[in-house]
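Thanks for coming, everyone. Please have a look at the structure on the screen, and then we'll walk through it together.

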Amino acid sequence: MAPASFSMHSPEAPQGAGGPPAGPVFGAGPGDDPGYLASLRDATVLGRMRLTMLVLVGAPVLILALTPLIVDNRGGAAGDAPPWIYAPLLLAAAVAALAGPRAPLPMAPGAPPAVAARLALVQFRQGVLLRFALAEGVILLGLPLAMIGHAEVVFAAGFATGYPLLLWLALPTTGGVERLRRRLESRGAESHLWAVLLAAPPPEPASAGRPGPDAP
């Protein structure tokens with residue numbers, strides 16, 4: 001059963017002492033998503049993950065900017081790169097496009113809501129990171145190939161092929177989260193994914209070596 005498009009308990013509603021909810025916001029759905037940029041200011045699991053992924057997807061852009069300093073671009077923009085050097089990029093892109101949407105694995109039905117929500121969050125994170133690795137692999141593969149072919153255009157081709165895959169597969173937009181939720185629930189399970197993503201993250205653990213207030 002797909003989650004409702006509205007929240008039974010708003011993730012922004014005061015809970016207890018007025019802070020964000022400490023557990024899953026059961027009944028939450030995509031309609032409760034404040035949007036990518038707005039969620040970066042929210043103290044939610046989804047907001048933190050979106051901020052992390054925003055930093056990660058910016059790394060290939062930085063590498064692209066530094067490519068002229070890394071690649072010996074002898075022989076002009078195209079260099080001496082043979083045509084076959086682009087074949088590994090196309091193969092890696094095909095693998096990412098086919099394997100990426102198959103992550104994460106579907107959940108088994110029948111788990112209690114709290115257990116299902118925790119499992120969904122673990123599998124969601126694993127799925128996003130695997131998708132990210134597959135798509136970024138296409139981009140990074142272009143760097144050694146560009147160095148072999150002495151041509152910046154080879155890395156540019158890898159970037160142009162892999163970066164759209166990166167945004168499509170790994171960026172947790174509302175549509176991206178929904179695609180992963182449907183994947184998790186494809187065998188009839190109810191994942192409660194939105195409920196756990198729109199909840200407050202767990203508190204940071206105290207440092208092991210920090211003395212307590214009553215320590216001498």
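Let me start with a question. By about how much of the helix are Arg-182 and Glu-178 separated in helix H6? About one helical turn, because they sit 4 residues apart in H6.

Now, how exposed are the two partners? Arg-182 has 46% relative accessibility, so it counts as partly exposed. Glu-178 is at 13%, so it is buried; the cut-off for buried is under 20%.

In total, the structure holds 4 salt bridges. Another one to look at joins Asp-33 and Arg-50, at 2.6 Å from N to O. This pair links distant parts of the chain. Asp-33 is in the segment before helix H1, Arg-50 is in helix H2, and they are 17 residues apart. Asp-33 counts as buried because its relative accessibility is 11%. Arg-50 is at 0%, so it is buried too.

Next, the nonpolar side. The largest nonpolar core has 48 residues. Among those that touch the most other members are Met-53, Phe-124, Val-177 and Leu-197. Helices H2, H3, H4, H5, H6 and H7 each supply at least two residues of this core. Which helix gives the most? Helix H4, with 13 residues.

Let's zoom in on Leu-197. Beyond residues up to four places away in sequence, Leu-197 touches Thr-44, Val-45, Leu-46, Leu-121, Phe-124 and Val-177.

Then there is Val-128, in helix H4. Val-128 is buried, because its relative accessibility is 1%. Leaving aside neighbours within four places in sequence, Val-128 is in contact with Met-49, Met-53, Ala-170 and Leu-180. Take Met-53: it is 75 residues from Val-128 in sequence, yet their C-alpha atoms are 9.1 Å apart.

Last, confidence. The chain averages a pLDDT of 84, and 81% of the residues score at least 70. Over residues 1-21, though, the pLDDT is below 50. That stretch still has 39 contacts in the model beyond near neighbours in sequence. Where pLDDT is low, the predicted coordinates should not be read in detail.

Technical notes
Residues numbered from 1 in each chain as written. Predicted model: local features only at pLDDT ≥ 70, side-chain atom pairs only at ≥ 80, totals over all residues. Heavy atoms only, no water. Core = buried A, V, L, I, M, F, W, Y, C linked by side-chain atoms within 4.5 Å. Buried < 20%, exposed > 50% of the residue type's maximum accessible area, 1.4 Å probe, protein only. Contact = heavy atoms within 4.5 Å. pLDDT = per-residue confidence, 0-100. Salt bridge = Lys/Arg side-chain N within 4 Å of Asp/Glu carboxyl O.
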